[in-house]
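Please read these notes with the sequence and the model side by side. They are meant as a guide for a careful first look.

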Amino acid sequence: MIPKRDKQSVGQRFLAAFRDAGGVEVAPDLLLPAESLLDLYGEDIRARAYVTADPIRGEMMLRPDFTVPVVQAHMQNGAEPARYCYLGEVFRKQDMGDTHPENPRDIEYLQAGFELFSRDPDADAELFALFHDLLAPLNLRAEIGDMGLLLDAVAALPLPDARRDALMHHIWRPGRFRRLLARFGQPTTPRDFPETDAPWAGLRSEDEMIRRIARLNADAAVAPLAPIWSERLDRLFALQAPADQVTPLLRDLAQDMPAIAPAVDRIAARLQAIADRGIDLSAVTFDASHGRTTLEYYDGFTFSFAADRAGWPDVASGGRYDALTRVLGKGREIPAVGGIIRPGLVAELEGAA
Amino acid sequence: MIRLGVPSKGRLMEQTFDWFADRGVTLSRSGSDREYAGRVEGAEGVSLVLLSAGEIPRELAAGRIELGVTGTDLVREKLAGWRDLVSEVAPMGFGHADLIIAVPDCWRDCRDLDDFAAIARDFRAQHGFRLRIATKYHRLVRAWLAEHEVADYQLVDSQGATEGTVTNQTAEAIADITSSGATLRANNLRILDEEPVLRSQATLFANRSAMGPEMQAFLTQLGAA
């Protein structure tokens, strides 16, 4: 067991480095209004966050992450470009399923983080290099990806809007996505919507149902998606390579899917910018599907640093979350990229070394 | 001493008494119907504790009773990591009920979970908040929907009269226990065409740390060892 004090001092080390990198330290509240977090993250967060009640403010949540309060504070009174850093506890329930875990994870742990609000295309590389250099002594497995690449590939499929929207929406839910894609590859059998005597009930209106039925009827006339498209998508989603070798592979895929060419250019430029900062790309893995199973609001560059320990979460992770600022900004959007390190895990690795 | 927790009223209590009687153990309430004390005949070292069915999982896990009769639904909902705490000694063959998701019967475009997921997405876009499912089985329903990759919904707590929430517009769908489906139909609700979230029945559970020779002997007598 590493004493909490030691984890705290590792965290302070990262915080100091983040300050040196230009971060303004912020200290968001421990108790946050639950509503906006629940609306953003849905039931996943309710299962994992501690919710309590305040007689006046209503449902409050023990801080489950820093990103949302930092973005909210920035959108209220920040100017760009802005760099923020923080160190503090986050709280996550470890709800077990049928059995108790052998090594239960901490329910409160430190996060040291850095968030960068900037329209500079170099911001991704700046952030990644900052994390990479801080973590370099630990020999972690570095992986990167880009959700924008996948989103562009799906957006460009020759599909009617309704089908494309459904696929885009479920890109973070791999099973549902795969089933949808398989279904779109088959001829559709027209559905029947049997009449019922039941009176209309509930908030969903009859109009909403009629619109969906019309959409499904229109969908029944759609020709199946040619198999070549799901093959191309499969190839793209399965792409994994050392980052120094990935650009030609991506360019190759872009031959068949011209719509991803701009994203490929973006990725190539980012990789170059990372290499220019002295990072050996051959030791970084590019995984096209990296980020698909993480936070839904990462919609561009993503990265993670993992230790070779069974059952451990990533030691550090982050990404670009422009979509989150769009949701929280109610129409206003600020390009944003950020990441966190778990100092507790770093302290364990350093203690074991 | 083995403390046996049994639901304190209704059909569940009567059927539990019958189940034990078939195995030569007579359970009865002592004194009046209003008294929650019980008597055990036909078994040595066993005492009867009458409890609300909903409290039996917690009492078992806390070790305040060694055996308890309750539904699998309640054990799985209320005890995180239940397999490490209690063991299923014997399914008892009554109290059958399924935990299901039901939607308004007027939703002609909603047959299965894929429809439901699509409707939840539309609903969120249209109304600006997540489609609400009223339930008291938060953990079970959430885990099941996560496993099936359904997003865009939220659970709202309903500890009773759950079938009425849709009409009252406090929820768009419900997740609840049903045996015959009659209450659902009476409220113009229809079960999604899917395997239930859970098939539950009355079950005899034992606290895992109370499995000594005394317990073995009693379970053997019940034919459940």
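Which residue is the bridge partner of A:Phe303 in S11(A)?

1. Strands S10 and S11. The bridge partner of A:Phe303 in S11(A) is A:Gly318. Strand S10 (residues 301–306) of chain A and strand S11 (residues 316–320) of chain A run antiparallel and are joined by four bridges, where strands pair if DSSP finds at least two bridges between them. Helices (H or I, at least four residues) and strands (E, at least two) are DSSP runs, numbered from the N terminus.

2. How to read the model. This is a predicted model, in which local features need pLDDT of at least 70 and side-chain atom pairs count only at pLDDT 80 or more, while totals for chains, interfaces and linings use all residues. Residues are numbered from 1 along each chain as its sequence is written, and chains are lettered from A and ligands numbered from 1 in the order in which they are written.

3. The sheet. S10 and S11 belong to an open sheet of nine strands in chain A, with mixed pairing and the order S1-S5-S6-S12-S11-S10-S7-S9-S8. At its edges lie strand S1 (24–25) and strand S8 (240–242) of chain A, each of which pairs on one side only. H5(A) packs on this sheet, touching S10 and S11 among other strands, and its direction makes about 10° with that of S12(A).

4. Two helices. The axes of helix H5 (residues 123–135) and helix H12 (residues 261–276) of chain A come within 9 Å and cross at roughly 40°; axes are lines fitted to C-alpha atoms, for helices over the stretch in contact, and angles run from 0 to 180 degrees between N-to-C directions. H5(A) and H12(A) are therefore oblique to each other, since angles under 35 degrees count as roughly parallel, over 145 as roughly antiparallel, 65 to 115 as roughly perpendicular and the rest as oblique. Among the residues that meet are A:Phe128 in H5(A) and A:Ile274 in H12(A).

5. A hairpin. S3(A) and S4(A) form a hairpin with three residues between them, and A:Thr52 stands opposite A:Met60 in S4(A).

6. The two chains. In all, 31 residues of chain A are in contact with 33 residues of chain B, contact meaning that the C-beta atoms, placed from the backbone, lie within 7 Å. On the side of chain A that touches chain B, H9(A) gives the largest share, five residues.

7. Confidence. The predictor gives the complex an ipTM of 0.88 and a pTM of 0.90.

Terms used:
Contact = placed C-beta atoms within 7 Å.
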